[in-house]
Amino acid sequence: MTNQEETPAQSVDPSNIRIEDYDYPLPDERIATHPLAQRDSCKLLVSYPDGRFGDYRFSDIVSLLPANSLLVANDTRVINARLRFRKSTGALIEVFVLEPVEPVDYACSFASTSGCSWTCFVGNSKRWKSGELSLPVEIEGVGQVILTARKVDGVVDGDSSARIIEFGWDNSEVSFSQIIAAAGEIPIPPYLNRNSEESDTRDYQTVFSRIEGSVAAPTAGLHFTPELLSRLADKGIERRTLTLHVGAGTFKPVKSDTIADHDMHSEFISVSRGLIAELAKRKCPVTAVGTTSVRTLESLYHLGCMAASGMNIDRVEQWYPYSPSHPDLSVEEAFEALLRHLEATGADYLTASTRIIIVPGYKYRVVDNIITNFHQPRSTLLLLVSAFIGERWKELYRHAIDCDYRFLSYGDACLLLGVGSK
């Protein structure tokens, strides 16, 4: 029952969208380097569908959301993805784990006790020509374990900084999840311009984080507290979760002049059969917590269209939503196709990857309201916001700058209400 204004996606040529039109001045002092002590005490800027803005505290969101709405959040958990090895020569080699290769399933890779391989970014790679790196790791209740890393020949997807790394360790009673939890560092965003701190291990996780796999937090969810979730439940606002593991590509800048030349990153998603069935028959508005939930929910619709068309549904390609051959199904029809697929395969979860890019002209199918933070200039996330509220994003961001809002991952939030909200 999406309440976005009807705008056919097929009428928009993404090649005409210039990233310079989505720039704005962001002073360094507006970038929040640490969160507020009380998560839900941050500012909340509300964008109403009639063009008005309202200034609130995030804790006010209980009264701002429709009483019968469904809140959908991303339950991914950020891993300690940054590993630092030191060679015998003294050279420091940083290995940043991104996504599993073998076993390819996240849960299986984390549970592995016999080694695994991951796609990784390698810092100072010129100093690591060959050979094996080793790192002593202290595991609580176990003792010292030696972690080793070996490069597999070749680069990944033409990226000279990405490599497949094979990890091994000398204790078969220890899992890879235990290894990186003890040896790694939480990978805070590069634009914070500081090193990770002990407080980030707590601050950079949502209270509903559960499934390990992300290298960046779904930051809109950072504003929620257990008490706030309880108040929302008391109002009758139900909460559901899905999973999108945020990749390092979320920080990838748009370097091309037109967005058509930008190569969107791929991210793993997992959604339960129960949630898909609920969304297929829903009568209430859906509020997505963060752009990762938006991308997942909207990707579900397109995966359903692919399933109904007899296509493989392992990945939503970047421009598939804008294809002239894309079937114009209702949400119920698309989601029913997904349910038939799950029934045929006997799966309780739909797993896939998505490269979806949401730009102005995109027709929102599932999401009615969006809770999000303030995004970087010239970013695909800013394009997603513009696709929802149009050119009013400029006024919204100008208001936020003028009224001392804090920006980016540890900053303040905004609530974008769709045209059916009051």
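Student: What is the relative accessible area of Asn 124?

Tutor: Asn 124 has a relative accessible area of 38%, which means that it is partly exposed. Buried stands for under 20% relative accessible area, exposed for over 50%, and partly exposed for what lies in between, with a 1.4 Å probe and protein chains only.

Student: What should I know about the model and its numbering?

Tutor: This is a predicted model, in which local features need pLDDT of at least 70 and side-chain atom pairs count only at pLDDT 80 or more, whereas totals for chains, interfaces and linings use all residues. Residues are numbered from 1 along each chain as its sequence is written, and side-chain values use heavy atoms, with hydrogens and water left out.

Student: Back to Asn 124. Where is it, and what is its phi?

Tutor: Asn 124 sits in the loop between β7 (116–123) and β8 (132–139). Its phi is positive, about 65°, although Asn 124 is not a glycine. Most residues other than glycine have a negative phi, and most peptide bonds are trans. As for the element names, helices (H or I, at least four residues) and strands (E, at least two) are DSSP runs numbered from the N terminus.

Student: What about Asp 404, what is its phi?

Tutor: Phi of Asp 404 is near 60°, a positive value in a residue other than glycine. Asp 404 belongs to the loop between α10 and β18 (413–417), and at a relative accessible area of 48% it is partly exposed.

Student: Which residues does a cis peptide bond join?

Tutor: Glu 102 and Pro 103 are joined by a cis peptide bond, with omega at about -5°. Pro 103 is in the loop between β6 (92–102) and α2 (106–111).

Student: Changing topic: how many salt bridges does the structure hold?

Tutor: The structure holds 23 salt bridges. The criterion is a side-chain nitrogen of Lys or Arg within 4 Å of a carboxyl oxygen of Asp or Glu.

Student: Which residue forms a salt bridge with Glu 166?

Tutor: Arg 150 does, and the closest N and O atoms are 2.3 Å apart. Glu 166 lies in strand β10 (residues 162–169) and Arg 150 in strand β9 (residues 143–151), so the pair ties together parts that are 16 residues apart in sequence. Glu 166 is partly exposed at 33% relative accessibility, and Arg 150 is partly exposed at 37%.

Student: And which residue pairs with Asp 263?

Tutor: Asp 263 forms a salt bridge with Arg 355, where the closest N and O atoms are 2.4 Å apart. Asp 263 is in the loop between β12 (238–244) and β13 (267–272) and Arg 355 in the loop between β16 and β17, so the pair ties together parts that are 92 residues apart in sequence. Asp 263 is partly exposed at 46% relative accessibility, whereas Arg 355 counts as buried at 13%.

Student: Where are the two residues of the salt bridge between Arg 282 and Asp 368?

Tutor: In that salt bridge the closest N and O atoms are 3.1 Å apart. Arg 282 is in the loop between α6 and β14 (286–289) and Asp 368 in the loop between β16 and β17, so this pair links distant parts of the chain, 86 residues apart. Arg 282 is buried, with a relative accessible area of 9%, and Asp 368 is buried, with 0%.

Student: Which residues are linked in a network of salt bridges?

Tutor: Arg 82, Arg 84, Glu 94 and Glu 185 are linked in such a network.

Student: On to helices. Which residues of α6 are buried?

Tutor: In helix α6 (residues 273–280), the buried residues are Leu 275, Ile 276, Leu 279 and Ala 280. Seen down the axis of α6, they fall within an arc of 140°, so they line one face of the helix. The arc is that of the directions from the helix axis to the C-beta atoms.

Student: Where is Tyr 364, and is it buried or exposed?

Tutor: Tyr 364 is in the loop between β16 (349–354) and β17 (369–373), and at 0% relative accessibility it counts as buried. Its side chain reaches the backbone oxygen of Leu 384 at 3.0 Å. Tyr 364 and Phe 388 are 24 residues apart in sequence and 7.6 Å apart in space, C-alpha to C-alpha.

Technical notes. A polar contact is a pair of N or O atoms within 3.5 Å; within protein, one must be able to donate a hydrogen and the other to accept it, and residues adjacent in sequence count only if both atoms are side-chain atoms.
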